[in-house]
Amino acid sequence: MVVIGNSPDGGRLAKKLGCEYIAVVQSTYPDGETSLKLASKVSDAECLIYFQFQLGQHFGTQLMNLIALMRYLKHQEGSIKLVLPYLPYARSIVLESELEISKLDAMLDSLGQLASDLYVLQPHCDREEVKERVGATRVHEISIEKTLINFLNRRLKDFVLTGPDKGSADMIKGLAQLTGKPFLILDKKRLAPNAVTSRGTRKPIPRGLLAKPFVIVDDISSTGGTLLATIDRLREYGVGKITAFVFHNLIQDAKVWHALQQREVNLFFSNSLPYEHAAIDIIGDVARAVEVSDDVRVGVRSRQHLRVHHAAQQ
């Protein structure tokens, strides 16, 4: 298997897996048009693409480049596995109107036709709906929960896990079960695409918990609105130390970063998107997800071979 990647993390993944690595480089022309070029010829029939969406570039353009790359490799008679640390457009899986057009459907339909396996990290949508939309493509979720827990335990002796809304409840409860830590689920209301208010909790927070550090965990932060609203609500309750972790950090507004500093909150995130100083490195977890799915498939093929061999003997 050869790993093809558009970022240095792709090379690191190849090293973890003990595979050859081929970089794919994007060129941008004066009119804004882009093109891709492989650093060398692909000689292996099995390809694993590690595609990391770049901040500051239009995701639609990058997606078209990814599909073009996959079509090129498919024409070389190769099989393709695709790692998308961040799955864009996932929020559009829930349509608010019959007139709304989902970009996610078109994206997943294309990926489903080209990839045998799709690896994703904490997608911002219903996993089962993603699986339905990619057809025969096998969907594997990259789990970084243990890596996150180890990181938090190194920094904090005791803490309260906090979900900013009901959509985070399953994730927060899962982390609480693994850590044995208390947890809290808040409620939020989105007033506009860039305006969020936190409605807090229905029951008062026990005084014993208020003295502990609170750790907000969310799958994605783009405008920072949910994060800031959650922090402000916790401060109103009397929480002192607050730490926040988001799987996918898309915040690029300097005003939001300044607001977080003013609130004395440390924000940590993974390198699902290309941040040089990301707190959580997901590459080891990605490698494990790929290795586990390969082991399972080899095991299935071995059992099938044994059944065929046994039937032939009879």
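**Charges, rings and confidence**

Visitor: What relative accessible area does R288 have?

Guide: R288 has a relative accessible area of 46%, so this residue is partly exposed. With a 1.4 Å probe and protein chains only, buried means under 20% relative accessible area, exposed means over 50%, and partly exposed is in between.

Visitor: Good. What should I know about the model before going on?

Guide: It is a predicted model, in which local features need pLDDT of at least 70 and side-chain atom pairs count only at pLDDT 80 or more, while totals for chains, interfaces and linings use all residues. Residues are numbered from 1 along each chain as its sequence is written, and side-chain values use heavy atoms, with hydrogens and water left out.

Visitor: Back to R288, then. Which residue does R288 form a salt bridge with?

Guide: Its partner is D285, with the closest N and O atoms 2.8 Å apart. For a salt bridge, a side-chain nitrogen of Lys or Arg must be within 4 Å of a carboxyl oxygen of Asp or Glu. D285 is buried, at a relative accessible area of 7%.

Visitor: And where do R288 and D285 lie?

Guide: Both are in helix α10 (residues 283-313), three residues apart, which is about one turn of the helix. Helices here are DSSP runs of H or I with at least four residues, strands are runs of E with at least two, and both are numbered from the N terminus.

Visitor: How many salt bridges does a search of the whole structure find?

Guide: It finds 13 salt bridges. A network of them links D9, R12 and D281.

Visitor: Which residue's side chain meets D158 at 3.6 Å?

Guide: That is K181, in a salt bridge with 3.6 Å from N to O. The pair links distant parts of the chain, 23 residues apart: D158 is in the loop between α5 (145-155) and β8 (160-163), K181 in the loop between α6 (169-179) and β9 (183-185). K181 counts as buried at 16% relative accessibility, whereas D158 is partly exposed at 30%.

Visitor: Which ring does K181 lie over?

Guide: K181 lies over the face of F159, at 5.1 Å from the ring centre. To sit over a ring, NZ of Lys or CZ of Arg must be within 6 Å of the ring centre and within 35 degrees of the ring normal.

Visitor: Switching to rings: how many aromatic pairs are there?

Guide: Rings of Phe, Tyr and Trp (its six-membered ring) pair if their centres lie within 6.5 Å; planes under 30 degrees apart are stacked, over 60 edge-to-face, and the rest tilted. By this rule there are seven aromatic pairs. F51 and F53 have ring centres 5.2 Å apart and planes at 75°, so they are edge-to-face.

Visitor: Which residues form one cluster with F51 and F53?

Guide: F59 and Y86 form one aromatic cluster with them. F51 counts as buried at 4% relative accessibility, and F53 at 1%.

Visitor: Last one: what is the mean pLDDT of the protein?

Guide: The mean is 87, and 91% of the residues reach 70 or more. Over residues 297-314 the pLDDT is below 50, and beyond near neighbours in sequence this stretch has four contacts in the model. pLDDT is the predictor's confidence in each residue, from 0 to 100, and contact means heavy atoms within 4.5 Å.
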